[in-house]
Amino acid sequence: RRDGGADTLRAYALPSSYATPVTLNYDKEGDIVLGPVSHDMTVSLAQSPADATLVAVGGWPRVSDNGGEERVFVSADEGRTWVDASSKALVEAVSPARRVRVSGLCLIPLSSKGAHALLASTTAGVFAAFVEAGLAVGVTVSANWVRVGEYTDLPLVLASGLDYDATSDTLALATMGRGIYTLSGAARALEAMKHGCKGATAAE
């Protein structure tokens, strides 16, 4: 302190709601269940830059032998409840790749209120589903996943990290051995995809 007084240490506590578990469910062994992939591996977690209550997680049950059903879940209430994000449709979209391996997720807000594109990086590139979220409707996810970019724009490659900058509306993607790709006007392109139109192309 510049006034010569003794230094004081002040402790600030978050509201109690921040400290409570996401859910209070317990499994057969009495261990707390924290979410849809509890006791297993959460490969990726994404949060909407426009709505902090909207989150997505992706993973698979067993990491010792890469086994189990790969799933993606979405929550519109800070993780209290979860909706399966058409996981089987994602597996079908990535086919004939043997595994989906969601290693990156990203939520990008679209023009209409509560609408988002949910992107998943997989063994066959990036795929998108479309999410509608709000207090009145909860959360719904489109029945299908569509690939982002033609193979001439984004090759058939293991995709990993996804990052979105809302200010410039730019999506960045890291791949395994094929470089980093960016998509300018990402929200506009995804909006067009949602309505069945061709979007912008990715640039290496």
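Which residue with a positive phi follows helix 3? Gly196 does, with phi near 80 degrees.

This is a predicted model, in which local features need pLDDT of at least 70, side-chain atom pairs count only at pLDDT 80 or more, and totals for chains, interfaces and linings use all residues. Residues are numbered from 1 along each chain as its sequence is written, and side-chain values use heavy atoms, with hydrogens and water left out.

**Overview**

The protein has three helices and 14 strands. Helices (H or I, at least four residues) and strands (E, at least two) are DSSP runs, numbered from the N terminus. Of the 204 residues, 39% are buried. Buried means under 20% relative accessible area and exposed over 50%, with partly exposed in between (1.4 Å probe, protein chains only).

| Helix | Residues | Buried residues |
|---|---|---|
| Helix 2 | 87-94 | Ser87, Ala89, Leu90 and Val94 |
| Helix 3 | 186-194 | Ala186, Ala187, Ala189, Leu190, Glu191, Ala192 and Met193 |

Seen down the axis of helix 2, the buried residues fall within an arc of 155 degrees, so they line one face. That arc is taken from the directions from the helix axis to the C-beta atoms. Lys88 and Glu92 are exposed on the face turned away from the buried side. The buried residues pack against strand 5 (71-75), strand 6 (83-84), strand 8 (115-122) and strand 9 (125-134). Contact means heavy atoms within 4.5 Å.

Helix 3 has seven of its nine residues buried, so it is largely enclosed by the rest of the structure.

Three strands form an open antiparallel sheet in the order 12-13-14. Strand 12 (159-165) and strand 14 (180-184) are the edges, each with a single partner strand, so one side of each has no neighbour in the sheet. Two strands pair if DSSP finds at least two bridges between them. Strand 13 (residues 170-175) is joined to strand 14 by five bridges. Leu173 stands opposite Tyr181 in strand 14. Helix 3 packs on this sheet and touches strand 12, strand 13 and strand 14. The direction of helix 3 makes about 75 degrees with that of strand 14. Axes are lines fitted to C-alpha atoms, for helices over the stretch in contact, and angles run from 0 to 180 degrees between N-to-C directions.

**A buried loop residue**

Leu54 sits in the loop between strand 3 (41-47) and strand 4 (55-60). Its relative accessible area is 0%. Beyond residues up to four places away in sequence, Leu54 touches several others, including Val74, Leu107, His116 and Val131. Leu54 and Asp77 are 23 residues apart in sequence, but 6.5 Å apart in space, C-alpha to C-alpha.
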